[in-house]
Amino acid sequence: METFDVVVIGAGPGGYPAAIRAAQLGASVAIIEKDAFGGTCLNFGCIPTKALIAAADLFARIQHAEALGIIVKDAYVDYAAMSAHKNRVVAKLQGAVKTLLTANNVRQFTGTASFKDRNTIAINDDLTIGAKKVIVATGSTSVMPEYLPKSPNIVESRAFLDFDHLPKSMIVLGGGYIGCEMACMAALLGVKVTVVELLDDILQLVDADARREVRTNMEKNLGIHILTGAALEDITAERGGVQGRVGNETIFAELLLSAVGRKPVTEGLHLEAAGLAANRNGFIDTDDYCRTKVATIFAIGDVTGKVQLAHYATAQAIAAAENAVNAKPRKHETLVPNVIFTAPEIGTVGLGEDEAARRGRAIKTGKFRFAGLGKALAAGETIGFVKWVGDAETGQLLGATAVGPHATELIASATTAIRSEQTAQELTRTVLAHPTFSESWMEAALALLGEGIHALPRKKQAD
Amino acid sequence: MAVPIVMPKFGQMTEESTIVEWFKKEGDPVVKGDLLFAVETDKSVMEVESFEEGTLIKIAVKPGTSVPVQSIVGFLGTPGEPIPEVPKPAAAPKPAAAAPAIAPAAKQKVAAAPSPSALAVATIATPPAQFRISPRAQALARESVIDPTRIKGSGPEGRVVEKDVKAYLAAKGYGRLRVSPSAKRLAAKEQLDLLSIPTKDGRIGVVDVERAAAEKPVPMTKIRQIIAERLSHSVVTAPHYYVTVEADMTELVAYRAALKKAGTIFSLTDFIAFAVVLTLKEFPQFNSATDGQTTRWKSRVHLGLAVSVDQGLMVPVVWNADELTMTEFSTLSKALIEKARAGKLSPDEMNGSTFTISNMGMLDVENFTGIINPGEAAILAVSSVIDKPVARDGAVVIRSIMKMTLSSDHRLIDGASAARFMNAIKTRLEDLETWKPLT
């Protein structure tokens with residue numbers, strides 16, 4: 001039996017960076033993937049959706065180009081070609097992942113891994129390898145609720161991305177970020193979309209003001225019908241479509257996309273053979289060093305149930321690989337930006353305003369709307385704002401939200417500022433280039449301190 | 001016309017009290033019976049009600065300030081009326097020379113600035129009156145978030161000038177510190193000296209400052225300071241020694257359960273305490289006190305019962321326990337313990353004990369020892385009743401066993417007496433004939 005210093009199970013955005021980092025540190029490494037190298041992110045998530053969303057966004061901008069003096073006649077969508085573009089991107093990146101693994105001497109196995117004991121792993125029951133350390137990075141998969149009828153017109157996101165055509169109308173079940181991204185993308189490409197969310201509002205992860213901004217645009221400008229605070233009931237799938245009832249309203253569409261959440265993948269792993277067990281919710285518990293309760297086994301990414309984001313898995317991966325190989329343990333990072341590719345985009349990082357209120361933490365906020373920004377007016381993109389959340393007394397920047405054009409890029413500089421423990425005072429003294437979207441961070445910091453230059457002074461509030 | 005609010009006198013011995021908290025703000029309306037403020041005396045925390053109506057127009061004594069009883073602490077009146085001048089409270093009179101065996105009344109002993117060597121983290125102290133510093137030096141120290149009182153001044157009369165601060169910062173390697181902007185502002189807010197915050201590589205982040213802030217010394221509550229002082233005094237002055245016996249509680253536990261079934265409820269503590277009272281009558285030297293020169297016998301048994309409460313330890317006292325029937329004793333002690341838990345004991349209800357029992361039976365302990373209450377000869381520590389295998393008539397049987405340990409002051413009591421005293425208690429607890437007539 002061949003034995004490796006480190007065996008990584010799962011080759012997604014957690015697994016493959018872990019394997020490469022461990023190899024860089026001199027370990028002999030194997031990686032086992034049962035489906036597609038690159039994982040959900042590269043094959044069925046982040047990357048393919050962004051390929052489609054980028055195209056949808058361009059189409060929308062072409063349609064609105066007239067306002068800037070550009071006339072494009074007869075622009076139309078060839079979704080099959082769009083989907084082919086997406087497939088090319090995925091294939092290219094998948095190849096790149098394998099190339100990187102090979103170049104770092106990481107042995108790649110395709111098959112389902114299962115523990116024989118804590119140091120022995122079987123692959124598809126026909127091969128057994130030894131592992132001094134194991135990093136579990138098996139990720140998550142879409143949940144298909146039991147109450148949905150079985151029908152080719154009812155799909156989850158992975159199957160939806162495989163389509164080479166779009167339906168005329170669709171119901172998106174679930175107003176989380178996956179549901180909303182898909183809804184916006186489809187609506188931008190001309191699909192009549194209805195979003196059904198059981199909770200009181202869509203996108204509960206972000207602050208209320210950001211939600212309001214996005215929801216308004218989705219409803220007013222994209223024509224998306226959004227139903228919140230009620231369940232989708234009496235669902236029937238017939239030839240040609242899916243019908244359901246939300247409260248008193250009956251809705252019908254050609255397709256139903258289920259985006260109600262994701263569940264961890266531990267099936268077939270035989271965790272118990274290694275002395276591990278999934279917790280009540282199916283996740284593998286880990287500490288800040290990515291250690292499980294078994295000394296030689298680490299876990300990272302969605303399967304740990306902390307923050308289910310690719311870049312978070314990657315950050316954990318680097319820490320886990322270093323902790324598996326080196327003697328000196330290191331905590332993984334916890335400041336994780338969250339980007340949502342709705343229309344408009346959202347980027348958030350750190351402490352939100354709503355969360356601060358829940359915790360009773362004294363904060364100040366400073367907001368700057370793009371409507372007051374020269375560059376935004378020039379570019380004809382005036383929806384949205386950036387917002388800082390800072391400590392009420394020290395001005396420490398604790399969190400940020402960006403909504404609007406480039407919000408997912410804008411959040412990067414906010415992340416750097418928060419990670420390096422900058423204060424609003426420091427940020428107001430940082431010179432940011434004009435005219436850019438980025439300079440709105442400085443204006444928002446001034447607003448936090450009540451010193452905004454390009455904003456009307458706040459009226460003194462009467463007590 | 002403004003009506004003065006005065007600091008009431010709690011109990012015979014209280015000379016000064018500290019306002020812990022005002023429940024009203026200046027300008028708040030007050031009606032009769034409203035709680036005005038909370039007071040910490042040298043024995044407990046009390047709430048003070050208003051006997052007048054009006055508006056609280058002035059708070060003259062801020063929380064945390066200790067003033068003699070009967071001092072004016074504020075005024076009630078009508079809004080807008082002139083506030084009379086508050087006479088400076090006279091210095092608290094020296095505690096009266098009370099019964100010699102009682103420990104000296106606790107004085108405020110919170111150090112204004114803790115000595116730097118004793119603490120890992122230094123706070124930026126309020127400078128002592130004689131500390132001299134130039135405005136520029138002060139500004140640089142403030143900007144650098146360091147404590148200037150640690151700097152040796154080169155100016156006249158040791159005045160610290162700017163170049164002293166610069167030299168000090170250079171000597172301490174201040175320039176090598178990498179302090180995040182947020183960490184610096186937080187340290188300034190928390191009044192922490194950046195040079196005293198532990199760092200491995202010169203980096204100081206918010207987490208480091210938060211940790212240092214959490215480690216700042218916090219003054220103990222007055223009640224805890226009193227406990228600390230009294231306990232230290234006892235350990236230092238009374239040479240303690242310990243005698244432990246085991247009592248077989250099997251029959252008494254069964255007897256108590258039978259009584260309970262019949263509708264008469266006594267706690268196990270009632271039996272133990274009453275056994276102690278009976279035994280103290282037999283061994284009067286355990287109900288006495290010494291100052292090292294004289295001994296003083298107490299003709300009455302006032303039994304202290306140590307009770308653990310949220311803010312620390314309370315010892316309600318059952319006065320004249322030797323005169324009470326078992327039922328009277330049980331009723332009285334139960335009421336006192338409830339009052340202690342509610343923080344409602346009056347000073348006279350926690351004063352004057354002649355012997356103390358500390359019962360940790362409900363806390364699942366094998367054995368422990370107590371520290372003698374100053375002014376007493378001994379303390380009895382009662383542990384849990386535990387089922388154990390023991391030898392009886394050459395066979396191993398399971399019995400309910402309870403350990404009791406007596407801490408005695410060797411100046412008053414010798415070992416053999418303690419052994420006899422403890423065995424007398426044990427015998428009473430094990431002999432149901434003691435209890436049948438009493439219950």
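Visitor: Which residue stands opposite A:Ala113 in S5(A)?
Guide: A:Ile123 does. Before more, this is a predicted model, where local features need pLDDT of at least 70, side-chain atom pairs count only at pLDDT 80 or more, and totals for chains, interfaces and linings use all residues. Residues are numbered from 1 along each chain as its sequence is written, while chains are lettered from A and ligands numbered from 1 in the order in which they are written.

Visitor: OK, and in what sense do S4(A) and S5(A) pair?
Guide: Antiparallel, over four bridges, with S4 at residues 113-117 and S5 at residues 120-123 of chain A. Strands are DSSP runs of E, at least two residues, and helices are runs of H or I, at least four, numbered from the N terminus. Strands pair if DSSP finds at least two bridges between them.

Visitor: How many residues sit between them in the hairpin?
Guide: Two residues lie between S4(A) and S5(A).

Visitor: Switching topic: what are the domains of chain A?
Guide: The assignment, automatic or from a database, gives domain 1 (2-142 + 263-325), domain 2 (154-260) and domain 3 (344-448).

Visitor: How many residues of domain 1 of chain A are in contact with domain 2 of chain A?
Guide: 14 residues of domain 1 of chain A, against 12 residues of domain 2 of chain A. Contact means C-beta atoms, placed from the backbone, within 7 Å.

Visitor: And which helix gives the largest share of that domain 1 side?
Guide: H3(A), with eight residues.

How values were computed. Contact = placed C-beta atoms within 7 Å.
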